[in-house]
Amino acid sequence: MTRCFSFSEAMNWYHRSTFVKLGLRSTITDLNDGTVMHCWVPDAPAATKPNLLLIHGLGSNALWQWGDVIAHFTPCFNVYVPDLVFFGESFTSRPERTESFQAQCVMRVMEAHSVEKFSLIGLSYGGFVGYSIAAQYRDAVERVVVCCSGICMEEKDIREGLFPLSDLEEAASILVPLKPDKLRKLVDYTFFRPPPVRLIPDCALIDFIDSMCRDYVEEKKELIRAIPKDRKLSDIPKITQVVPILLNFSIDSRGKVSSDELINCFHLSCSQC
């Protein structure tokens with residue numbers, strides 16, 4: 001039976017409308033190598049404003065993860081919000097799955113929009129990508145904020161039980177949930193004080209899964225597998241930019257980082273330079 005209403009799609013419409021009202025427009029950039037990138041960019045970038053790149057994590061698209069924060073940044077920055085490869089409207093036919101490849105794709109989008117200097121905030125998986133951008137393009141990236149990203153994680157940490165799940169395939173099935181019970185586990189692992197997700201009916205969780213998680217399932221799992229693969233602390237490049245790492249923060253019932261704490265953290269990075 002066809003659903004008459006989708007809460008998730010309604011939220012997509014709401015966030016999209018918010019972005020447009022804040023002066024952002026949706027763009028598609030064909031990188032001409034089998035990769036197509038979607039990004040929200042300023043409709044009229046101001047020369048007097050610095051540029052800020054917001055990089056989302058796993059779980060949903062850029063609209064959902066930055067929708068409640070974006071209004072705090074647009075008055076002060078030219079804000080760029082890409083969908084990473086295999087999220088939202090971004091995709092590739094190329095085989096690469098590393099955060100280094102994601103970083104190169106995002107950087108090519110910034111170059112396509114003639115952005116030469118910018119600061120960035122990376123959330124979760126986006127923190128890995130943001131760190132890689134800062135390492136590869138030192139002259140372009142001015143300041144970096146990393147939120148909830150295990151940048152110093154090594155492959156052996158998973159085998160040795162540092163994380164709640166030592167089975168990477170089980171972790172991937174939770175990070176890319178296709179069933180309500182997996183989505184409930186994701187919420188339980190994500191929140192310090194999880195909302196009562198067990199009281200949410202399956203139909204509402206399936207609505208979110210259908211909207212956010214059905215596309216590029218295997219490709220997203222490959223992204224997750226690539227994070228710890230052969231990862232050693234000694235091989236992780238050092239970066240010279242100021243990097244506040246936000247580890248403990250408040251999350252609301254929809255999985256959003258506290259906007260005040262995120263903004264304060266970014267201003268801290270500015271004051272230290």
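1. Helix packing. Axis angles under 35 degrees count as roughly parallel, over 145 as roughly antiparallel, 65 to 115 as roughly perpendicular, and the rest as oblique. Axes are lines fitted to C-alpha atoms, for helices over the stretch in contact, with angles from 0 to 180 degrees between N-to-C directions. In this predicted model, the axes of helix 1 (residues 7-21) and helix 9 (residues 202-212) cross at roughly 55° and come within 8 Å. The two helices are therefore oblique to each other. Helix 1 makes the contact (heavy atoms within 4.5 Å) through Phe 7, Ser 8, Glu 9 and Asn 12, and helix 9 through Asp 207, Phe 208, Ser 211 and Met 212. These residues divide into 3 nonpolar, 3 polar and 2 charged. Here Ala, Val, Leu, Ile, Met, Phe, Trp, Tyr, Cys and Pro count as nonpolar, Asp, Glu, Lys and Arg as charged, and the others, Gly among them, as polar.

2. Basis. Residues are numbered from 1 along each chain as its sequence is written, and side-chain values use heavy atoms, without hydrogens or water. As the model is predicted, local features need pLDDT of at least 70 and side-chain atom pairs count only at pLDDT 80 or more, while totals for chains, interfaces and linings use all residues. Helices (H or I, at least four residues) and strands (E, at least two) are DSSP runs numbered from the N terminus.

3. Salt bridges. The structure holds 16 salt bridges (a side-chain nitrogen of Lys or Arg within 4 Å of a carboxyl oxygen of Asp or Glu). Arg 231 pairs with Glu 99 at 2.8 Å, N to O. This pair links distant parts of the chain: Glu 99 is in helix 4 (residues 99-112), Arg 231 in the loop between helix 10 (217-226) and strand 8 (245-246), and 132 residues separate them. Both Arg 231 and Glu 99 are buried (under 20% relative accessible area; exposed is over 50%, partly exposed in between; 1.4 Å probe, protein chains only).

4. Partly exposed pairs. Arg 225 and Glu 218 also form a salt bridge, at 2.8 Å from N to O. Arg 225 is partly exposed at 24% relative accessibility, as is Glu 218 at 39%. Salt bridges that share partners join Asp 33, Arg 94, Glu 96 and Arg 108 into one network. Within it, the closest N and O atoms of Arg 94 and Glu 96 are 2.5 Å apart.

5. Cores. A nonpolar core is a set of buried Ala, Val, Leu, Ile, Met, Phe, Trp, Tyr and Cys residues joined through side-chain atoms within 4.5 Å. The largest has 43 residues, and Leu 53, Phe 118, Leu 120 and Ile 133 have the most contacts inside it. Elements giving it two or more residues include strand 2 (35-42), strand 6 (118-123) and helix 5 (125-136). Apart from it lies another core, of 31 residues, among them Phe 73, Val 79, Cys 147 and Ile 209.

6. Thr 27. This residue is found in strand 1 (residues 24-30). Thr 27 is buried, with a relative accessible area of 9%. Beyond four places in sequence, Thr 27 is in contact with Met 37, His 38, Cys 39, Val 41 and His 113.

7. Backbone points to check. Most residues other than glycine have a negative phi. Phe 86 has a positive phi of about 80° and is found in the loop between strand 4 (78-82) and strand 5 (91-92). Phe 86 is buried, at 2% relative accessible area. Asp 230 has a positive phi near 55°, in the loop between helix 10 and strand 8. Asp 230 is exposed, at 53%.
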